[in-house]
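Hi,

Here is the structure I promised to pass on. Have a look at it first, and then read my notes below.

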Amino acid sequence: MVDAATGGADEEYGTTADAAVDEALSRLAGLEDQPLRAHVSVFDAVHGALQDRLADAEG
């Protein structure tokens, strides 16, 4: 999740200067505690969010 104190992704992943990227990366927090089957959907969602952000940046 997004850390309210820093306004970005959890400290584990650090922050970027882009809120959309930070939000996408925050979905990875705690993934190691989830069953392996859950990883696929999380990775897919993060990948999609990052692709969308890149498309927005490219115009």
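This is a predicted model: local features need pLDDT of at least 70, side-chain atom pairs count only at pLDDT 80 or more; totals for chains, interfaces and linings use all residues.

A word on contacts before anything else: two residues are in contact when they have heavy atoms within 4.5 Å of each other. Among contacts in the protein chain between residues at least 6 apart in sequence, 22% join residues at least 24 apart.

Residues are numbered from 1 along each chain as its sequence is written, and side-chain values use heavy atoms, with hydrogens and water left out.

The overall layout

The chain has 2 helices and 2 strands, and they come in the order β-β-α-α along the sequence. Helices (H or I, at least four residues) and strands (E, at least two) are DSSP runs, numbered from the N terminus. Of the 59 residues in the protein chain, 20% are buried. Buried here means under 20% relative accessible area, exposed means over 50%, and partly exposed is in between (1.4 Å probe, protein chains only). The accessible surface comes to about 4200 Å², and carbon and sulfur atoms account for 56% of that. Those areas come from the Shrake-Rupley method with a 1.4 Å probe, and for residues only the protein chains shown count as cover.

H2 covers residues 36-58, which is 23 residues. From its first C-alpha to its last it reaches 33 Å, close to the 33 Å expected at 1.5 Å a residue; the expected span is 1.5 Å times one less than the number of residues. Glycine 59 follows H2, with a positive phi near 90°.

Which residues of H2 are buried? They are His39, Val42 and Val46. Part of what covers the buried residues of H2 is helix H1 (19-26). Two of these names, Val42 and Val46, turn up again in the largest nonpolar core, together with Ala24, Leu28 and Leu31. A nonpolar core is a set of buried Ala, Val, Leu, Ile, Met, Phe, Trp, Tyr and Cys residues joined through side-chain atoms within 4.5 Å. In soluble globular proteins, nonpolar side chains tend to be buried together.

In H1, the buried residues are Val21, Asp22, Ala24 and Ser26. Take aspartate 22 to begin with: its relative accessible area is 5%, and its side chain reaches the backbone nitrogen of threonine 16 at 2.7 Å. That is a polar contact, meaning a pair of N or O atoms within 3.5 Å; within protein, one must be able to donate a hydrogen and the other to accept it, and residues adjacent in sequence count only if both atoms are side-chain atoms. Aspartate 22 and leucine 50 are 28 residues apart in sequence, with their C-alpha atoms 9.7 Å apart.

Serine 26 has a relative accessible area of 3%. A polar atom of its side chain lies 2.6 Å from the backbone oxygen of glutamate 23. Between serine 26 and threonine 15, 11 residues apart in sequence, the C-alpha to C-alpha distance is 9.4 Å.

Aspartate 18 sits in the loop between S2 and H1. At the start of H1, one of its side-chain oxygens comes to within 2.9 Å of the backbone nitrogen of alanine 20.

What does aspartate 18 form a salt bridge with? Its partner is arginine 53, the closest N and O atoms being 2.6 Å apart. Because aspartate 18 lies in the loop between strand S2 (8-9) and H1, and arginine 53 in helix H2, the pair ties together parts that are 35 residues apart in sequence. The rule asks for a side-chain nitrogen of Lys or Arg within 4 Å of a carboxyl oxygen of Asp or Glu, and it gives a count of 1 salt bridge. Aspartate 18 counts as buried at 18% relative accessibility, whereas arginine 53, at 28%, counts as partly exposed.

Cheers
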